[in-house]
Amino acid sequence: MQVHDEGRKARMMQALYGTLAASALLVTASMPAMADALQGEVIAERWCASCHLVGPGQDVASDQMASFMQIAQRDDLTAENLGAFLRSPHPPMPDLQLTHNEIRALIAYIETLE
Ligand code: HEC
């Protein structure tokens, strides 16, 4: 199959990513928290890794911003506070317009880094 433009290629990659995430969820459907955390890791790598270090395996990010490991260890950033932070825009961090499910998944993932 020929891919004519970058936009279409990006959409195909997105569909593929979605399928991979969905199969990861199916495999772990009996463990909802684990499934959330896996989905959160995919979201973090896609949307957050350009600025934050989102996991122990990542080497390059901006050194200006808290890593997700630091965020996980901060006592003031409880699941509730993280949810509130991610639901509202916080310049200079871009408003990523995350859905309720994406936020829940991200928090579940960040909690695994503690
Ligand atoms: C374009 C860069 C950028 C991206 C992408 C980004 N952030 Fe941020 N983030 C920032 C900046 C800058 C701050 C500091 C904001 C401030 O000082 O209020 C921040 C702060 C945070 C904080 C609060 C940390 C603290 O010190 O209080 C959390 C939690 C956070 N980001 C989570 C995320 C998550 C989750 C994503 C992905 C969905 C994400 N960020 C994507 C730039 C980014």
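Colleague: Which helices each supply at least two residues of the shell around the ligand?

Modeller: Helix 2, helix 3 and helix 4 do. Helices here are DSSP runs of H or I with at least four residues, numbered from the N terminus. This is a predicted model, in which local features need pLDDT of at least 70, side-chain atom pairs count only at pLDDT 80 or more, and totals for chains, interfaces and linings use all residues. Residues are numbered from 1 along each chain as its sequence is written, and side-chain values use heavy atoms, with hydrogens and water left out.

Colleague: What makes His52 and Met93 ligands of the iron atom?

Modeller: Donors are N, O and S atoms within 2.8 Å of the metal (3.2 Å for Na, K and Ca). NE2 of His52 and SD of Met93 coordinate the iron atom at 2.0 to 2.2 Å, so both count as donors.

Colleague: What does the pair tie together?

Modeller: His52 is in the loop between helix 2 (32-48) and helix 3 (68-73), and Met93 in the loop between helix 4 (79-87) and helix 5 (100-111), so parts 41 residues apart in sequence are tied together.

Colleague: Why is the site of the iron atom called octahedral?

Modeller: Six donors count as octahedral if opposite donors are over 155 degrees apart and all others between 65 and 115. The six donor atoms here make angles of 86 to 179°, and the site is octahedral.

Colleague: Why is His52 called buried, and Met93 partly exposed?

Modeller: Buried means under 20% relative accessible area, exposed over 50%, and partly exposed in between (1.4 Å probe, protein chains only). His52 has 14%, so it is buried; Met93 has 27%, so it is partly exposed.

How values were computed:
Four donors count as tetrahedral if all angles lie between 85 and 135 degrees; four count as square planar and six as octahedral if opposite donors are over 155 degrees apart and all others between 65 and 115; anything else is irregular.
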